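User: Please take me through one part of this structure in detail. I want to learn how packing is described.

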Amino acid sequence: MVMKTKPSSKKRQPKVGANSVSQTVSGEVLKPEQAAAFLQLPVETVCSEATAGRLPGRNIRGEWRFSRTGIVFWLSSTAGSSQQKLTDFPVPDETPEEQEAFIESLRQYRDEVNRLTGFGKYATP
């Protein structure tokens, strides 16, 4: 004998927890290990740079979290840093025109990241 069950009239509540974040957002927030892999650096370096305020991140109850977009923006930004400019490093197999085209593509990428994240000239006061 097969018993039929009545469909529940209660609405299903969305799960709350580590796996409830949508695919788009879950790839955006990185744990230190993921940020280290993304930057190709040791985890200790990522955490110490974040602690020193040189790498953008948030310490939430003793655990670091990083935004992939924030890291990309940080990597593409040279404002306020003592790093050399990309043009200070000659690339022997590229012509000056190829170097300028590459730098322009980086500028366009940075502009797109700024537009998507609301940084730079796209920041709202």
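Analyst: Axes are lines fitted to C-alpha atoms, for helices over the stretch in contact, and angles run from 0 to 180 degrees between N-to-C directions. The model is predicted, so local features need pLDDT of at least 70, side-chain atom pairs count only at pLDDT 80 or more, and totals for chains, interfaces and linings use all residues. Residues are numbered from 1 along each chain as its sequence is written, and side-chain values use heavy atoms, without hydrogens and water.

Take helix 4, residues 68-76 (helices are DSSP runs of H or I, at least four residues; strands are E, at least two; both are numbered from the N terminus). Gly70, Ile71, Val72 and Phe73 are its buried residues (under 20% relative accessible area, 1.4 Å probe, protein chains only). They pack against strand 1 (29-30), helix 2 (32-39), strand 3 (63-67) and helix 5 (96-117).

Now look at helix 2. Its axis and that of helix 4 come within 11 Å and cross at roughly 35 degrees. The crossing is right-handed (the near helix is turned clockwise from the far one by less than a right angle). Helix 2 brings Ala35, Phe38 and Leu39 to the contact (heavy atoms within 4.5 Å). Helix 4 brings Arg68, Ile71, Val72, Trp74 and Leu75. By class, that is seven nonpolar, no polar and one charged residues.

Leu39 touches Val46, Leu55, Ile71, Trp74 and Leu75, leaving out residues up to four places away in sequence.

Methods:
Buried means under 20% relative accessible area, exposed over 50%, partly exposed in between (1.4 Å probe, protein chains only). Ala, Val, Leu, Ile, Met, Phe, Trp, Tyr, Cys and Pro count as nonpolar, Asp, Glu, Lys and Arg as charged, and the others, Gly among them, as polar.
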